[in-house]
Amino acid sequence: MRALVAAGLVLVVAACSSPEPGGNAPSKAPAPTGLKVEEVAGGLQHAWDIGFLPDGAMLVTERPGTMKIVRNGQVTPLDINLDDVQARGEGGLMGLVIHPDGQRFTVCYNTSNDVRLVTFRLDGTKATKVKDLLTGMPSNSSGRHSGCRPTLAPDGTMFVATGDIAQARNPQDRTSLGGKVLRIDAETGEGAKDNPFASSGNANERRVYSYGHRNVQGVVFRPDSDQIFSSEHGPSVDDEVNLVKKGANYGWDPSQGGTQSRYDESVPMTDLERFPDAVPAVWSSGSPTEAICQAAFWNGKLAITALKGTKLLLFTLDADGKVQNVSIPDELNDKYGRLRAARTGPDGSLYITSSNGSDDKLLRLSGNA
């Protein structure tokens, strides 16, 4: 009898535990109903990001180094010189943000030497380079952990989510731009004047908003609040959704305090033993990881795409930014393969791209989540 009771207790504990190892995922909510997915355009190749133009058209970046204009379902190549894009592995032409004037846009991409932000001016179907906004973000020959996602904050500054390029010391080194969330002046590329390390003598450190990240794939601002959320790839466990705080350390340190030159991925995503003040994730996947990607707020929920997981996750948050539950719409669950971009459009719909490598789709999700 004692053995049976003990076995029952083990089963109860196992049933109530989080995903293993390390996850803090809350309960799953029922899949939302009444959603509609529309294929806006196809024939794309590793579609990476989406920007909305004033006339209703959309710009789409493609990782090999091309861009498309999508207007009324028609796909037109953008005439733009991106000859210096080096597409390799996870890297290439990546994130995109449209400036408030509706004419300029900034893209993020790998070159042979670095990852950089470059601003262009759009005139019809042609784009002309304005300037290199920020150069010197670290890169490597494989393209691994290149990041890179820019987005504009309500105050007009630009936040940039970066990867650590699988170099052990980058995440904790505040003079490196890798493994960070940056906050820069959208016109000059310099660190915003009220950044947490604005008094530093190092220009890179002045650009840092938060650090100790692995490979941030999305950063988004919660409407009608001061909350900022990021979505981040874990190693073999623990993708993370983080509530981004000014000057905070998020605890990823594959150098183990500078004692390891190799990229030691056995360390925790948030190493609270080494960094007691590190900020824990508001959600982590445990095992298996989903390879979560871009984040957007849609219908009051935090929507995050998943590459490996081939799904969309919808997070219900409380007023403090804590995750209450997660739902997975059937309409996008393993229906379109790897999902990458997620941007909320001017019409209130959620626009998503697939990223399988050939005949990728631009999707429009509508309805009440």
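1. Start with one pair of side chains. Thr-119 and Thr-106 are joined by a polar contact of 2.7 Å between their side chains. This comes from a predicted model, so read each value below as computed from that model.

2. Is Thr-119 buried or exposed? Its relative accessibility is 3%. Buried means under 20%, so Thr-119 counts as buried.

3. Now look at the open sheet. Four strands make it up, in the order S2-S3-S4-S5, and their pairing is antiparallel. S2 and strand S5 (74-77) are the edge strands, and each of them pairs on one side only. From one strand to the next, the twist averages 25 degrees.

4. Strand S3 spans residues 58-62 and strand S4 spans residues 66-71. How many bridges link S3 and S4? There are five, in the antiparallel sense. Find Thr-61 and look across to S4: its bridge partner there is Met-67.

5. Move on to strand S16, residues 240-243. Both of its faces are covered. Glu-240 and Asn-242 lie on one side, Val-241 and Leu-243 on the other, and all are buried.

6. Which strands pair with S16? One is strand S15 (residues 228-232), antiparallel to S16 over four bridges. Phe-229 stands opposite Leu-243 of S16. Another is strand S17 (residues 283-284), which runs antiparallel to S16 and is joined to it by two bridges. Here Glu-240 has Ser-284 in S17 as its bridge partner. Note that Glu-240 and Leu-243 are both among the buried residues of point 5.

7. Then there is the empty space. Rolling a probe the size of a water molecule over the atoms shows where such space is left. The largest pocket has a volume of about 550 Å³. Its lining has 25 residues, and the closest to the centre are Phe-52, Thr-151, Leu-152, Arg-343 and Thr-344.

8. What classes of residue line the largest pocket? The lining has 18 nonpolar residues, six polar ones and one charged.

9. Finally, ask which strands supply the lining. At least two residues each come from strand S2 (47-52), strand S6 (93-98), strand S10 (149-152), strand S14 (216-221), strand S18 (292-298) and strand S22 (339-344).

Technical notes: Residues are numbered from 1 along each chain as its sequence is written. This is a predicted model: local features need pLDDT of at least 70, side-chain atom pairs count only at pLDDT 80 or more; totals for chains, interfaces and linings use all residues. Side-chain values use heavy atoms; hydrogens and water are left out. On a 1 Å grid over the protein atoms alone, a cavity is a set of points where a 1.4 Å probe fits but cannot get out, and a pocket is an open set with protein on both sides within 12 Å along at least five of seven lines; lining residues have an atom within 4 Å of a point. Grid points are joined across faces, edges and corners, and a volume is the space filled by probe spheres set on the points. Ala, Val, Leu, Ile, Met, Phe, Trp, Tyr, Cys and Pro count as nonpolar, Asp, Glu, Lys and Arg as charged, and the others, Gly among them, as polar. Two strands pair if DSSP finds at least two bridges between them. Axes are lines fitted to C-alpha atoms, for helices over the stretch in contact, and angles run from 0 to 180 degrees between N-to-C directions. Buried means under 20% relative accessible area, exposed over 50%, partly exposed in between (1.4 Å probe, protein chains only). A polar contact is a pair of N or O atoms within 3.5 Å; within protein, one must be able to donate a hydrogen and the other to accept it, and residues adjacent in sequence count only if both atoms are side-chain atoms.
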